[in-house]
Amino acid sequence: MIVPELGVRGGPAALEFYTAAFGARVEFQVGDESIVAQLAVGDARFWVHDESPPHGIASPRTVGGATTRLLLVVDDPDVVVARAVAAGATLHTPVGDSHGWRLGRIEDPYGHHWEIGCPLGMSALSMPTVASRERHPSRARSCIPYPGPGLPS
């Protein structure tokens with residue numbers, strides 16, 4: 001299991017954003033002004049940590065850009081992307097169908113990039129081709145269960 005830890009400026013505000021945008025819940029928190037916290041979205045967990053140069057933790061704002069992109073698998077990416085934008089995220093790529101996924105991309109207010117989506121078509125493990133979606137048009141835009149922990153829409 002890999003559990004990411006996101007460095008941010010303004011940890012308390014970041015907790016509010018992730019709660020509002022993704023429906024995250026805080027499972028563990030140390031500190032009130034400078035925080036370290038474990039959050040969960042469905043069964044997926046991640047940590048949020050205020051910047052701490054002595055510990056080598058910097059935010060994308062400090063280093064001049066994100067060094068990773070996170071994928072949040074949800075039942076309805078259109079709803080989650082809209083909720084994230086309403087909570088303060090910047091929309092980079094509107095939700096659309098591409099490469100067997102319904103996917104959009106946002107940048108959160110702390111500089112982290114998130115792809116938010118769900119697999120489409122016949123199987124999450126065998127990415128459907130355009131031809132397979134044409135043969136099965138009713139499946140072309142409906143998400144299928146991802147072979148992992150269930151996440152909320």
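How many aromatic pairs does the count come to in this predicted model?

Solution. The count comes to 10 aromatic pairs.

**Exercise 1.** Classify the pair of Phe28 and Trp47, and state which parts of the chain the pair ties together.

Solution. A pair of aromatic rings is described by the distance of the centres and the angle of the planes. For Phe28 and Trp47 the values are 5.9 Å centre to centre and 70° between the planes. Pairing asks for centres within 6.5 Å, and planes over 60 degrees apart count as edge-to-face. The pair of Phe28 and Trp47 is therefore edge-to-face. Next, place the residues: Phe28 is in strand β2 (residues 25-30) and Trp47 in strand β4 (residues 44-50), so the pair joins parts 19 residues apart in sequence.

**Exercise 2.** Are Phe28 and Trp47 buried, partly exposed or exposed?

Solution. Buried means under 20% relative accessible area and exposed over 50%, with partly exposed in between. Phe28 has 41% relative accessibility and counts as partly exposed. Trp47, at 23%, also counts as partly exposed.

**Exercise 3.** Which residues do ring pairs link into a cluster?

Solution. The cluster consists of Phe17, Tyr18, Phe22, Phe46, Tyr110 and Trp114.

Technical notes
Residues numbered from 1 in each chain as written. Predicted model: local features only at pLDDT ≥ 70, side-chain atom pairs only at ≥ 80, totals over all residues. Heavy atoms only, no water. Phe/Tyr/Trp six-rings, centres within 6.5 Å; stacked < 30°, edge-to-face > 60°. Helix = DSSP H or I, 4+ residues; strand = E, 2+ residues; numbered from the N terminus. Buried < 20%, exposed > 50% of the residue type's maximum accessible area, 1.4 Å probe, protein only.
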